[in-house]
Amino acid sequence: MPTAEALEQRITELRAQVRRAAGSGDRTAARRLRAELRAAETEWDTAVLGAPEQPAPVRQLAAAVPVREHVHRALTLLSVPAAPKLILAVHDAFFSGELVPARLTSLRRDEERSFRAAPYARPYYLCAAMTTDLLAPARGLLAVSTWPLAQRMVGPLSPRVDLLTGAIRLARHMTDHGCTPAGQRVLWQLGVSIPGATDGKSIDPDVVLAAAERELEVHRDDDTQQRADAAERAVRQLADPAAQLFGVRLAVADRRRNEA
Amino acid sequence: MTLAEKTLTTRLDELRGDAPTSRHNARTIAALTANPGCARRALLDAAAVDKTVIAQELGFPPKFGQSPFAITRGNSFEAMVKSHGCAELLRLLREELGLTIPEVGYHDLETVGDNATNSVRYQRTKQLLGQALSSGQGTMFDHPMLRLEIAGATAYLEPDVVALQIGGLFHVVEIKSFAIVDGQADPAQVASAARQSAVYVLAMRELLRELGQPPELVAHNSILVCARDFTNRPTAALVDLRKQLAVIGRQLSRLTSIDTLLDLVPPGATFTPGAGLSDTVAAIPSRYAPDCMSSCELAFACRSEARTHGSVDTLGRGVCDDLGGIDNLDTVLALADGTLDPGPEHADIAEMLRRARALRLEVAR
Ligand code: SF4
């Protein structure tokens with residue numbers, strides 16, 4: 001078995017090759033290289049983390065999976081804070097079982113209540129993405145409590161960065177696990193605003209991936225910096241663990257006076 | 001708040017009484033300028049009274065307004081254009097207006113840390129736009145809160161989006177779900193969107209003035225985002241607002257001062273629905289014109305009132321002008337058929353009316 005260092009080098013090389021192939025439009029090569037990349041990454045996992053545990057049987061009764069579990073899966077696939085609408089679309093396209101839109105509306109509140117009643121009693125909570133400036137809950141965006149704080153921050157550039165990151169994640173998933181029409185539709189939704197990601201007629205995960213990575217290069221550094229700063233500030237300023245997960249709300253003082 | 005402003009606010013609050021309130025929006029303000037001389041409307045609007053309810057109370061429910069279907073469609077179109085940090089809008093701005101790739105900054109101003117009060121959102125909008133001006137950063141501002149003085153009262157306004165920094169200028173973006181087919185849209189709908197955008201541009205310029213910045217930093221072109229052909233795909237066009245800005249700006253500054261209008265209200269009267277309402281309304285002079293039908297909820301009530309009084313207003317402004325200040329239909333008719341002798345000031349109009357009557361009789365024969 002190769003060492004982790006050797007694998008890391010191989011992974012870096014493969015990534016560059018994938019990008020080159022996708023950039024030059026050679027989709028067959030890109031797909032083959034991507035498969036090799038996946039294999040190398042799995043090997044790295046095994047080398048560093050030990051052999052993977054036997055995965056639990058995936059087929060469960062749909063009804064047995066609670067809403068939060070569904071949402072958690074979709075968010076994990078995306079790896080970025082997302083609005084209920086996108087979560088639903090991702091869930092429908094990539095996972096089985098039924099997720100009712102109405103159940104999403106009260107989810108964050110329920111999670112907060114549960115956390116406040118018994119902090120850290122669950123392995124994860126579905127919590128809020130937080131704005132970098134006010135450390136307040138970002139309107140309508142859900143995140144996962146186990147993510148690093150910076151990943152849950154939303155600065156001015158983050159909506160764009162998150163869209164690009166989400167598109168990349170979905171595109172990768174599709175090259176590895178195949179494209180369903182539903183998956184293509186979601187990728188299309190995210191891809192239409194990325195220059196060069198679609199030709200207006202069809203959608204190819206490799207092309208989306210390359211285009212999204214190109215644009216991401218432009219925004220990533222500034223966004224990462226802003227999020228990191230905000231995360232650090234949140235740790236310093238928010239003593240209440242619930243506030244770190246669900247954000248700070250500005251009290252609505254004397255409504256009448258505010259409206260005048 | 002100065003003492004004078006305070007008493008004005010208090011007086012308007014008293015005048016409103018227990019009447020349900022409604023908020024101003026760009027559409028009501030654009031409509032307000034459609035009949036700037038009407039004291040009744042100016043007072044109802046300044047006191048932020050829901051005119052629909054008043055009209056119902058008077059027995060003349062308004063028969064216009066957007067269908068719930070159109071509202072739902074409009075909202076979902078807007079949500080689609082704005083989803084994922086205005087991704088679709090970015091695409092449009094890039095493709096059609098040359099926005100560069102690095103310009104993606106997005107600020108959501110619909111709430112400020114879950115606080116959705118107007119004044120908090122307004123302060124935050126001002127702060128963020130100020131920062132954007134000094135740092136050159138920040139591209140899109142979603143649902144900013146703006147303010148405009150309407151006849152001495154403050155109205156809060158919410159454009160769909162304000163986009164910054166296309167050629168260093170702020171642009172107002174208006175998202176409408178009507179279709180542009182083959183590059184053509186319904187001119188009436190475009191015109192009404194343009195009027196609304198012009199109200200936002202004026203409010204934005206007001207805000208820049210407050211920040212001590214040149215108001216010209218708000219472009220006189222707005223960006224209209226519509227559905228392309230019959231699809232749900234958005235497309236964008238620049239709309240030149242110079243004409244609308246001139247008209248609305250001028251009329252807003254001309255709106256009769258509310259202070260003096262308040263004196264027209266009988267002491268103690270309020271717009272509270274109930275027995276005294278129709279007397280209060282009747283005591284405040286109106287200025288009905290056929291345009292009211294498309295712009296004011298009270299139109300049916302005012303038309304009926306004008307008809308019972310035999311007012312020539314119901315015939316439209318053109319006719320009123322031709323009648324040179326005679327405001328009663330009976331007078332007009334009597335002059336025409338000769339049963340009333342015209343004074344010297346009405347001699348030529350009487351002459352004209354008689355000739356018109358003679359012609360009419362001839363044609364009718
Ligand atoms: S309908 Fe009546 S209240 Fe409304 S603007 Fe016309 S005259 Fe004034």
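How many bridges join strand β5 (residues 161-166) of chain B to strand β6 (residues 169-180) of chain B? There are 4, and the two strands run antiparallel. This is a predicted model, where local features need pLDDT of at least 70, side-chain atom pairs count only at pLDDT 80 or more, and totals for chains, interfaces and linings use all residues. Residues are numbered from 1 along each chain as its sequence is written.

**The sheet in chain B**
- Six strands make an open, mixed sheet, ordered β1-β2-β5-β6-β7-β8; strands (E, at least two residues) and helices (H or I, at least four) are DSSP runs numbered from the N terminus, and two strands pair if DSSP finds at least two bridges between them.
- β1 (106-108) and β8 (234-240) of chain B sit at the edges with a single partner strand each, so one side of each has no neighbour in the sheet.
- Within β6(B), His171(B) is the bridge partner of Ala163(B).

**Where the chains meet**
- Helix α7 (residues 158-177) of chain A and helix α5 (residues 68-97) of chain B have axes that come within 8 Å and cross at roughly 95 degrees.
- That makes α7(A) and α5(B) roughly perpendicular, a label for angles of 65 to 115 degrees.
- Pro159(A), Arg160(A) and Leu163(A) are the α7(A) side of this contact, with contact meaning heavy atoms within 4.5 Å.

**Confidence in chain A**
- Chain A averages a pLDDT of 86, on the predictor's per-residue confidence scale from 0 to 100.
- Confidence is lowest in helix α11 (residues 255-259) of chain A, at a mean of 40.

Notes
Chains lettered and ligands numbered in written order. Heavy atoms only, no water. Axes fitted to C-alpha atoms, helices over the stretch in contact; angles between N-to-C directions. Parallel < 35°, antiparallel > 145°, perpendicular 65-115°, else oblique.
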